[in-house]
Amino acid sequence: MTAVSDTSELPSVKAETVLSARSRKPANLGQILRWLLLFLGGLLMIAPITYMISTSLKWPHEIYNVNLIPEEPTIENYTYVLEDGRFYLWFINSIIIAVITTVSNLFFDSLVGYTLCKFRFPGRYIVFIAILSTLMIPTEMLVIPWYMMSQSFGWLDSYWGIMFPGLMTAFGTFLMKQFFESVPDDFLEAARIDGLNEFQIWWKIAMPLVKPALAALAIFVFLGNWTAFLWPLIVTNSVEMYTVPVGLSGFGDEVDVAWELIMTGAAISTLPTLVVFLIFQRFIIRGVVMAGLKG
Amino acid sequence: MAKLSLKKLTKSYGKVEVLHGIDLDVDDGEFVVFVGPSGCGKSTSLRMIAGLEEITSGEIWIGDRKVNDLEPKDRDIAMVFQNYAIYPHMSVRKNIAFGLWNAPLSKAEKAARIEEVARILDMSELLERKPSQLSGGQRQRVAIGRAMVRNPAVFLFDEPLSNLDAQLRTQMRLEIKKLHQQVGNTIIFVTHDQVEAMTLADRIVIMKDGHIQQVGTPEDVFHAPANTFVAQFIGAPSMNMLKVTGAGDEISLSSGVKMQPGRQTQTGRPLLLGVRPDDLSVDDQNPIVTGKVVVREPLGSETLIYVSGPQGEIVAKVPGKSGVKVGDEVKLGATPEALHFFDTETGDALV
Ligand SMILES: Nc1ncnc2c1ncn2[C@@H]1O[C@H](COP(=O)(O)OP(=O)(O)O)[C@@H](O)[C@H]1O
Ligand SMILES: [Mg+2]
């Protein structure tokens with residue numbers, strides 16, 4: 001019991017020495033360069049977002065000015081987009097599709113990844129290679145077969161039609177398989193002796209241990225589907241089935257693209273991705289901390 | 001009755017056979033330790049008993065059931081792993097509760113069992129902690145708790161102490177022994193540490209390269225080793241081995257020394273003479289080996305001396321107060337009962 005208090009003191013001592021060492025050291029040229037590089041990188045990341053928000057606050061006549069601060073800022077665009085009933089529809093479509101696809105990926109990718117990682121069966125390697133090799137086929141090549149398939153099954157212009165290609169991904173399967181490699185077999189064997197069945201072992205023991213990977217996959221899949229454009233554009237016909245990106249692209253008329261409205265819609269539609277990121281990012285950070293304590 | 005029997009048990013990985021027919025009967029309540037060098041097949045044997053590893057051929061019986069085709073959970077066993085394998089994302093209470101996953105007990109009964117086990121293992125106040133908040137010894141205790149709560153016919157331990165530091169290892173060893181005396185379940189315990197084996201076991205199973213070398217009580221394997229491997233594996237420092245030649249009621253050492261071992265030997269037959277460092281004494285009545293002390297290792301109550309002579313270097317354990325110094329000329333002898341003879345070819349003990 002004393003051992004616990006002993007070990008818990010260790011990190012705090014270390015942290016202190018690290019801190020004091022850092023504050024004593026004067027910033028050298030290498031450090032300044034590093035900060036400068038990071039600053040430029042940050043600027044590069046934030047520029048499009050700033051431009052998006054800036055544009056969403058401008059009147060149409062001003063949108064081709066590159067000035068960041070609008071001359072006559074307005075929230076007219078926001079009221080227009082939010083009062084336009086179609087945007088709500090698209091927003092809900094997008095939410096439904098992204099959430100279902102994310103949940104489906106978390107479940108099936110990790111189920112298949114786990115199976116490929118932890119079970120020895122003939123053909124295991126071939127299956128794995130087959131799944132991996134699909135990563136090399138670009139989406140652009142697949143949309144035509146998908147379309148023909150959807151047409152013959154009558155899936156066009158439906159949620160299922162939009163979602164089915166992405167319900168499982170080779171990338172997610174690969175990611176999860178790699179992460180399950182880090183789960184020691186002893187845990188699974190202990191659970192097997194305790195009497196859990198194979199599904200319970202996966203769900204109750206293995207899955208909680210790869211939470212950081214699941215969180216990363218969730219963010220990745222959600223963002224991917226939230227911003228997906230090409231396939232939803234092709235498979236949907238009616239305005240009621242559009243997702244946010246597809247719907248936004250149609251703002252304006254045949255001659256003029258209403259950039260200020262598109263940017264407004266885009267700005268609003270970043271909110272859910274922000275929420276998703278904030279929720280799952282915690283798990284990633286906590287996972288790293290936990291791994292540090294285990295050793 | 002929870003006897004455990006292994007009958008002609010073999011295990012192959014692909015074409016490579018790693019266990020070559022293990023026969024063993026373990027009595028109800030017995031504490032049996034499998035010991036041997038790394039890679040000799042101890043874990044494989046244990047995992048086959050647990051049902052984690054498929055049986056290539058042979059039979060395993062627990063009680064009066066042949067368990068070859070039973071799932072681990074149906075074998076009435078529990079296992080403690082070397083690296084604890086307690087679930088890191090659950091509290092201690094939850095971890096122990098997992099041992100009762102399939103038990104046909106009510107919630108209240110389960111809770112009572114968990115409290116009981118925690119009390120026996122002296123960790124009642126740790127129940128709400130997460131494994132990351134426990135020390136190595138406490139984690140191992142949780143692993144033992146998860147096994148104990150099942151009250152299995154057979155406990156299986158795979159090197160449970162080897163991740164602990166020396167002091168804690170000695171302490172846990174004692175606790176496991178006490179625990180066995182308290183609960184009385186059959187225990188199969190795997191270790192590569194002969195001291196652990198000697199101190200814990202009712203009976204020791206000494207293995208090498210997938211074969212059992214000897215099965216016996218700690219006294220048996222120490223005083224009557226079946227072959228040179230057992231003789232040198234058990235006891236520290238290892239038994240000294242000297243090449244000798246038989247000559248009727250005499251033997252002659254390569255150094256030319258002749259002595260009466262108190263038994264008949266075949267004249268001209270080369271033999272190995274084994275004598276434990278503890279059995280050697282610095283006397284000159286009937287010396288086996290004469291030589292110079294080259295190294296001295298004081299251990300407190302005893303001192304190890306390494307003596308170099310015409311027949312090579314041998315080790316002797318002498319009283320700590322004996323005052324032997326490096327460079328001294330000593331004559332080491334032993335009583336005839338302390339001498340072990342082995343066949344040079346097979347290594348088997350001659351009786
Ligand atoms: N999964 C496996 N595949 C192939 N060989 C194995 C496997 N597991 C163990 N072995 C081999 O079986 C032998 C016995 O291993 P093990 O029972 O783990 O030894 P011990 O526990 O006594 O150190 C070793 O030679 C080891 O290399
Ligand atoms: Mg082992």
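Ligand 1 is surrounded by Tyr13(B), Val18(B), Ser38(B), Gly39(B), Cys40(B), Gly41(B), Lys42(B), Ser43(B) and Thr44(B), where a residue is near a molecule if one of its heavy atoms lies within 4 Å of it. The model is predicted: local features need pLDDT of at least 70, side-chain atom pairs count only at pLDDT 80 or more, and totals for chains, interfaces and linings use all residues. Residues are numbered from 1 along each chain as its sequence is written, chains are lettered from A and ligands numbered from 1 in the order in which they are written, and side-chain values use heavy atoms, with hydrogens and water left out.

By class, the shell around ligand 1 holds 3 nonpolar, 5 polar and 1 charged residues; here Ala, Val, Leu, Ile, Met, Phe, Trp, Tyr, Cys and Pro count as nonpolar, Asp, Glu, Lys and Arg as charged, and the others, Gly among them, as polar. Helix α1 (residues 42-50) of chain B gives the most to this shell, with 3 residues. Helices (H or I, at least four residues) and strands (E, at least two) are DSSP runs, numbered from the N terminus.

Oxygen atoms of ligand 1 take part in several of the pairings with this shell. A polar backbone atom of Gly39(B) is 2.6 Å from one oxygen atom of the ligand, and a polar backbone atom of Lys42(B) is 2.9 Å from an oxygen atom of ligand 1. From Ser43(B), a polar side-chain atom lies 2.6 Å from a ligand oxygen atom. Taken alone, ligand 1 exposes 560 Å², of which the protein buries 57% (Shrake-Rupley method, 1.4 Å probe).

The UniProt annotation "domain: ABC transporter", from an unreviewed entry, covers residues 4-234 of chain B; such annotations may be inferred rather than shown by experiment. The end C-alpha atoms of residues 4-234 of chain B lie 25 Å apart, and the span is 35% helix and 26% strand.

Strand β6 (residues 77-80) of chain B is covered on both faces, with Ile77(B) and Met79(B) buried on one side and Ala78(B) and Val80(B) buried on the other (buried: under 20% relative accessible area, 1.4 Å probe, protein chains only). β6(B) pairs in the parallel sense with strand β7 (residues 154-158) of chain B over 4 bridges, pairing requiring at least two DSSP bridges. Met79(B) stands opposite Leu156(B) in β7(B).

An open, antiparallel sheet of 5 strands in chain B has the order β13-β12-β11-β14-β20. Its edge strands, β13 (258-259) and β20 (340-343) of chain B, each pair on one side only. Within the sheet, strands β11 (residues 240-247) and β12 (residues 250-253) of chain B pair in the antiparallel sense over 4 bridges, and Ala247(B) has Glu250(B) in β12(B) as its bridge partner.

Notes: Buried < 20%, exposed > 50% of the residue type's maximum accessible area, 1.4 Å probe, protein only. Polar contact = N/O pair within 3.5 Å; in protein donor to acceptor, adjacent residues only side chain to side chain.
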